[in-house]
Structures are given as C-alpha cells and as structure tokens.
Amino acid sequence: MPNITSRMTAMRYRRAHVSGGTFFFTVNLDDRSSGLLVEHIDALRHAVRAVKQRHAFQIDAWVVLPDHMHAVWTLPPGDADFSTRWMLIKAGFSRAIG
C-alpha cells in the first residue's frame, strides 16, 4: 500500500507562526476518491497519540472524513512548530498502514 505522504497533497502553510497559537488545518489525500483515513482510523489515532506524547499540543477539534481531515490545535506557550507535528503524524500513519 502506498504511504500517506505520497497520497496527500503538499502542505502549503499560509499561517502566522504564533507561539502558543491556535491553528485550523485541513489535510487532504491526493486521491479524493480514497477512504484511507477512515479505513485506518485506529492507525491515525495511534500516530496522533504518539506525536502528542513527544510534542505536546491540545486538540480543540478534529474531524476525519474519508479523504480529508480538519483539525484545530493549540500549541504550548513558546512553541509554533505545527509542521513537525504534521510531518510526524503523517510518517507514523504511513508506517502503520505500510
């Protein structure tokens, strides 16, 4: 099975990097006809939990649909690095369904 990185569109972050900020994200699969996210929801949950343990953040809201997801996160004070968190979530999910 292809990894999630090759199945997701490139993230184009057009956001202010505000330490401790709250951010809204939409992450899409490249193949919008795929149900990969809901078919492997447990792997996605595991990947998110693993990243949260190493790189804390608060999940304010998260919606997972078959081909995309929306998330609202608040990062810890002094931290604006959402891109590393997304990279690790995608990589962990990819390895899990690999």
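**Notebook: salt bridges**

I started with Arg45 and Asp42, whose side chains meet in a salt bridge at 3.1 Å, N to O. My criterion was a side-chain nitrogen of Lys or Arg within 4 Å of a carboxyl oxygen of Asp or Glu. The model is predicted, so local features need pLDDT of at least 70 and side-chain atom pairs pLDDT 80 or more, while totals for chains, interfaces and linings use all residues. Residues are numbered from 1 along each chain as its sequence is written, and side-chain values use heavy atoms, with hydrogens and water left out.

I placed both partners in helix H3 (residues 41–54), three residues apart, about one turn of the helix. Helices are DSSP runs of H or I with at least four residues, strands are E runs of at least two, and numbering goes from the N terminus.

Next I checked accessibility. Buried is under 20% relative accessible area, exposed over 50%, partly exposed in between (1.4 Å probe, protein chains only). Arg45 is partly exposed at 45%. Asp42 is exposed at 53%.

I then searched the whole structure and found three salt bridges.

Asp67 pairs with Arg32, with 2.7 Å between the closest N and O atoms. Asp67 sits in the loop between strand S2 (58–64) and strand S3 (68–74), and Arg32 in the loop between strand S1 (22–28) and helix H2 (36–39), so this pair ties together parts 35 residues apart in sequence. Asp67 is buried at 12%. Arg32 is partly exposed at 45%.

I also logged Arg85 with Asp79, the closest N and O atoms 2.5 Å apart. Arg85 is buried, at 3% relative accessible area.
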